[in-house]
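Biologist: I would like to go through this structure with you. Could we begin with the charged residues and then turn to a helix?

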Amino acid sequence: MRFDIRHHTHYTYSIPVLLGPQTVRLRPRPDGGMRELAWDLKLDPEPQSRSDQLDAEGNLVTRLWFAGETRHLDIDVHLLVQSSRSNAFDFVPDLGANRLPMDYEHTDAGALAPYLPQGQADQPVRALRNQIEAASDGSPAGFLLGLNQWIFTHIERAIRDQGAAQTPGQTLRLARGACRDQTVLFVAVAHAAGLAARFVSGYQDRSAMETNRRYLHAWPEVYLPGGGWRGFDPTRGTAVADGHVPVAASATPSGAAPVEGSYFGSARSDMSFRLDIQTASDPAPSL
C-alpha cells in the first residue's frame with residue numbers, strides 16, 4: 001500500500017515567547033515492511049539549528065533550536081511511504097519461546113529490558129490476563145490475538161484530542177477509551193504475561209470510527225521471538241500489516257509524542273492540526 005500523508009500542526013501563543021528545544025517524531029520508523037519514498041519537513045519560524053537523528057529507542061527524530069521571539073510555530077510534514085507487509089504473521093515462531101509465560105533469551109532480555117514488566121500489575125489487569133490466557137491456546141500469538149479481540153469487543157472507542165492516556169484501570173472501569181488508552185491497556189496486560197511491549201504512534205489507512213476528520217493513531221507492539229516487533233490494533237481488532245505507518249515507538253506514551261518541546265514566558269498556548277491521508281496502489285506522486 002502506498003501512503004501520501006500531509007500533516008500540519010499549528011501552535012499559537014497569546015504573547016511572544018522564546019521557544020525551547022523541540023523534538024519532532026513524524027518520520028517513518030525503519031521497518032522490514034516499510035519503505036520511505038520521500039519526506040519533507042517545513043517549519044515557520046525557521047530554526048537557528050536543526051539536526052536529524054536516531055534517538056535511543058530507534059526513532060528517526062528531528063531536533064530543533066530557535067532564536068528570537070515568536071507568537072506561533074508551524075510544523076508541516078509531507079511524506080510518501082510504501083508498505084509491503086500484507087501478512088501480519090509472515091514468520092516462523094521460535095519454538096523454544098512459543099509458550100506463556102514468556103522467557104526471553106538472555107541476549108534479547110537485556111535489549112528488551114525497558115519494554116518488559118516493571119513490577120506487579122494491578123489486580124484488574126492480572127484478572128484480565130488470566131481470563132485471556134485461559135481462553136487461548138497458550139502461545140504468545142494466541143494470547144495477543146485474544147487480548148486484541150477482547151479490547152475491540154469490550155472497550156468502546158472514543159476520540160480525545162488532548163490529555164494524557166488513561167490508566168489501564170480507568171479504561172477497564174469506564175469500558176471506553178481513545179486509541180492511546182486502549183494501547184496502554186493492551187501493553188499492561190501483555191506485560192502481565194511477561195511479554196515485551198511498547199507504545200507506537202503513527203498513521204493508519206482508515207479509522208475504526210465514522211468521522212470526517214483524520215487523527216494521529218496509536219497502537220501496541222509486542223516482541224515475538226522469530227518475528228521481532230509485531231503490531232496489534234485493538235481499535236480495529238486486527239493484527240497490524242500494511243495499513244499502518246509507525247513514526248515513533250517507546251516504552252512510554254510520552255516518548256512517542258509527535259512533537260515535544262517547551263517555551264519560555266507566561267503565554268497561553270493553543271494547538272490545532274490538519275491531517276490528510278491518501279492511499280493508493282499506483283505510482284506515488286513526487287514532492
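Biologist: Is Asp90 buried, partly exposed or exposed?

Modeller: Asp90 counts as partly exposed, at 40% relative accessibility. Buried means under 20% relative accessible area, exposed over 50%, and partly exposed in between, with a 1.4 Å probe and protein chains only. Please note that this is a predicted model, where local features need pLDDT of at least 70 and side-chain atom pairs count only at pLDDT 80 or more, while totals for chains, interfaces and linings use all residues. Residues are numbered from 1 along each chain as its sequence is written, and side-chain values use heavy atoms, with hydrogens and water left out.

Biologist: Which residue forms a salt bridge with Asp90?

Modeller: Arg230 does, with the closest N and O atoms 2.6 Å apart. A salt bridge here is a side-chain nitrogen of Lys or Arg within 4 Å of a carboxyl oxygen of Asp or Glu.

Biologist: Where are Arg230 and Asp90 in the chain?

Modeller: They are in distant parts, 140 residues apart: Arg230 is in strand β10 and Asp90 in the loop between β5 and α1. Helices (H or I, at least four residues) and strands (E, at least two) are DSSP runs, numbered from the N terminus. Arg230 counts as buried, at 8% relative accessibility.

Biologist: Now to helix α3. What should its 15 residues span?

Modeller: Residues 140-154 should span 21 Å, and the end C-alpha atoms are 21 Å apart, which agrees. The expected span is 1.5 Å times one less than the number of residues.

Biologist: Which residues of α3 are buried, then?

Modeller: They are Pro140, Gly142, Phe143, Leu144, Leu147, Asn148, Trp150 and Ile151. These buried residues pack against several elements, including α2 (123-135), α5 (179-192) and β9 (217-224).

Biologist: And Pro117, which residues is it in contact with?

Modeller: Leaving aside neighbours within four places in sequence, Pro117 is in contact with His191, Gly194 and Leu195. Contact means heavy atoms within 4.5 Å.
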